[in-house]
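Work through the exercises below with the sequence and the model side by side, and try each task before reading its solution.

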Amino acid sequence: MGQFINKGNFNFKRVINSKFVDKSELIDFFNSKIEDYETFVCVSRPRRFGKSLAAKMMYAYYDKSCDSRELFQNLKISQMPSFEKHLNKYPTIYLDLTKFAVRGNAEGLTKVQYMDKTVREDIKKHYSFTERPSDNLMDVLTDINERTGEQFIFIIDEWDCLVRDDSEEVSQEYVNWLRTMFKCDQADQVFALVYMTGILPIIKVETHSALNNFKEFSMVNPGATAPFYGFTKSEVEVLCKKFDMDLESMERAYDGYIIGSEKSMFNPNSVIQSIEFRNYISYWGKTASYSSIESYIKIDADNVREKIISMLYGESVPVQVISFRNDMKRVEDSDDVLTLLIHLGYLSYNPENSTCFIPNTEVGGEFQLTIRQSDWSEVSRAMKESFELVTETINMNAEYVAKAFDKFHFEASSILVFNNENSMACAIRLAYFSAQAYYHIFRELPTGKGFADMVFVPLKKSNKPAIVVEFKYDKDAEGAIAQIYKKNYPEKLRGLARDIVLVGVNYDLKASTHEVIFDVIRNGK
């Protein structure tokens with residue numbers, strides 16, 4: 001068994017277990033690329049979205065040094081016409097770039113030179129002829145192809161590791177190496193398929209991809225790869241039923257990603273961890289730390305802070321993803337920041353209206369952590385006090401709630417602008433941030449004869465009352481309560497909660513204070 005070639009199928013055998021979700025139809029997609037001579041493919045997704053597992057699966061399928069028929073015979077790919085045609089037919093190279101990201105060498109070679117040399121030496125062990133001293137890896141593979149007629153499958157996992165985390169000099173040398181390998185005249189003949197995975201799409205040089213012969217499938221443009229990275233809702237439903245887990249809790253914690261045609265995608269690593277440990281906590285921090293986004297959300301170009309805060313209280317914000325150069329070292333404006341966070345998995349992107357949002361409570365918790373450890377002290381304090389605000393709202397403590405709104409308004413005014421009902425509603429949504437632990441929270445929910453400003457629908461297991469909040473700006477709180485009744489907002493909530501708490505809020509512009517009054521509908525009546 002080789003280190004980079006002829007690795008066999010052992011690694012894929014290890015991942016087929018009771019929690020394995022069959023994504024083998026992806027192989028049929030790549031088989032179609034081989035047959036259509038679309039040789040070069042790059043798929044980018046966030047950490048722990050199944051990229052490496054897919055790479056191991058593909059290696060086990062294509063590698064000619066092993067027999068993987070039994071391994072795949074009960075998977076979906078075995079029922080597809082392309083299965084037999086390409087099964088274990090190619091010399092296959094697997095290169096995990098993370099192994100070279102921090103590895104030094106005693107030969108005085110750069111990381112890229114050392115990588116090229118190490119892979120060459122491993123391949124040389126499996127072919128009888130001797131490479132020339134001046135050969136680089138592409139020369140060696142070209143020589144093998146000319147002598148044997150064999151075409152290679154080349155899989156590069158975490159392709160962007162040296163681009164994301166290393167110096168400009170190393171990044172440039174590495175990108176040049178990729179061009180030497182995959183944009184030379186011999187590449188189409190030498191490779192049947194080149195599959196690269198990473199967090200970022202291929203870096204852009206000016207307005208074009210540095211490797212523009214690659215077909216790219218990313219978080220913002222996944223194409224046919226959409227269902228194969230991450231878990232779909234139907235897949236999570238099966239897992240929840242099999243392992244007796246609560247689907248609603250899974251959805252709140254780990255769902256929320258829109259990936260192309262898939263409107264409900266879950267973080268697969270977190271789902272599996274949740275099943276393993278029988279809880280619904282955040283596992284995001286085990287794969288990425290708050291420091292990975294801290295420096296970016298501190299960039300205040302184009303009101304990055306205000307946009308992040310808007311998303312924390314459940315809003316979507318516009319984003320233009322096309323201008324991002326896929327380079328973490330060149331992040332200049334809010335569109336760059338937001339697009340980068342989409343690729344990193346901290347935000348979800350809706351291509352239908354070109355907006356982004358925080359997908360779930362797991363990721364929302366990472367933003368909270370970042371805010372607590374940054375200089376956003378006003379917002380951080382408001383979040384900490386939010387649990388008590390929820391409690392006092394349920395208790396209908398008008399004096400406490402009004403003072404809490406006044407305090408939050410004052411502390412957050414350095415970041416948020418309060419100039420109409422909508423901005424006030426956004427601010428109050430943030431003040432109620434902790435309510436997400438007990439409620440589904442909706443802005444502008446269609447209820448009865450109109451749209452309620454804010455509605456809190458209790459989770460099945462929370463045993464909390466429903467809450468309807470109506471805002472007025474420089475008017476009166478009684479009018480807010482009257483509107484709730486006049487437009488019959490509570491009608492849609494009957495049967496979803498035992499009681500419905502009605503909250504009327506008015507902001508007095510001249511006094512800079514809030515007036516709050518309550519009413520309640522008991523036992524759904």
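The exercises go from the whole chain to single elements and residues.

This is a predicted model, in which local features need pLDDT of at least 70 and side-chain atom pairs count only at pLDDT 80 or more, while totals for chains, interfaces and linings use all residues. Residues are numbered from 1 along each chain as its sequence is written, and side-chain values use heavy atoms, with hydrogens and water left out.

**Exercise 1. Describe the protein as a whole.**

Solution. Begin with secondary structure: the protein has 23 helices and 18 strands, where helices (H or I, at least four residues) and strands (E, at least two) are DSSP runs numbered from the N terminus. Next, consider burial, for which buried means under 20% relative accessible area, exposed over 50%, and partly exposed in between, with a 1.4 Å probe and protein chains only. Of the 525 residues, 57% are buried. The exposed surface comes to about 22,700 Å², of which carbon and sulfur atoms supply 47%; accessible areas come from the Shrake-Rupley method with a 1.4 Å probe, and for residues only the protein chains shown count as cover. Finally, take the contacts (heavy atoms within 4.5 Å): among those between residues at least 6 apart in sequence, 70% join residues at least 24 apart.

**Exercise 2. Determine which side of helix α12 is buried and what that side packs against.**

Solution. First list the buried residues of α12 (residues 233-243), which are Glu 235, Val 236, Leu 239, Cys 240 and Phe 243. They lie on the same side of α12, because they cover an arc of only 135° around the axis, the arc being that of the directions from the helix axis to the C-beta atoms. The face turned away from the buried side carries the exposed residues Val 238, Lys 241 and Lys 242. The buried residues of α12 pack against β8 (231-232), α13 (247-254), β10 (262-266) and α14 (268-277). Asp 244, which follows α12, has a positive phi near 55°.

**Exercise 3. Identify the pairing partners of strand β4 and state how enclosed the strand is.**

Solution. Eight of the eight residues of β4 (residues 191-198) are buried, so the strand is largely enclosed by the rest of the structure. Two strands pair if DSSP finds at least two bridges between them. Strand β1 (residues 40-44) pairs with β4 in the parallel sense over five bridges, and the bridge partner of Val 43 in β4 is Thr 197. Strand β3 (residues 152-157) also pairs with β4 in the parallel sense over five bridges, with Leu 193 of β4 as the bridge partner of Ile 153.

**Exercise 4. Characterise the surroundings of Asn 350.**

Solution. Asn 350 is in strand β12 (residues 348-350) and is buried, with a relative accessible area of 14%. Leaving aside residues up to four places away in sequence, Asn 350 touches Ile 258, Thr 355 and Phe 357.
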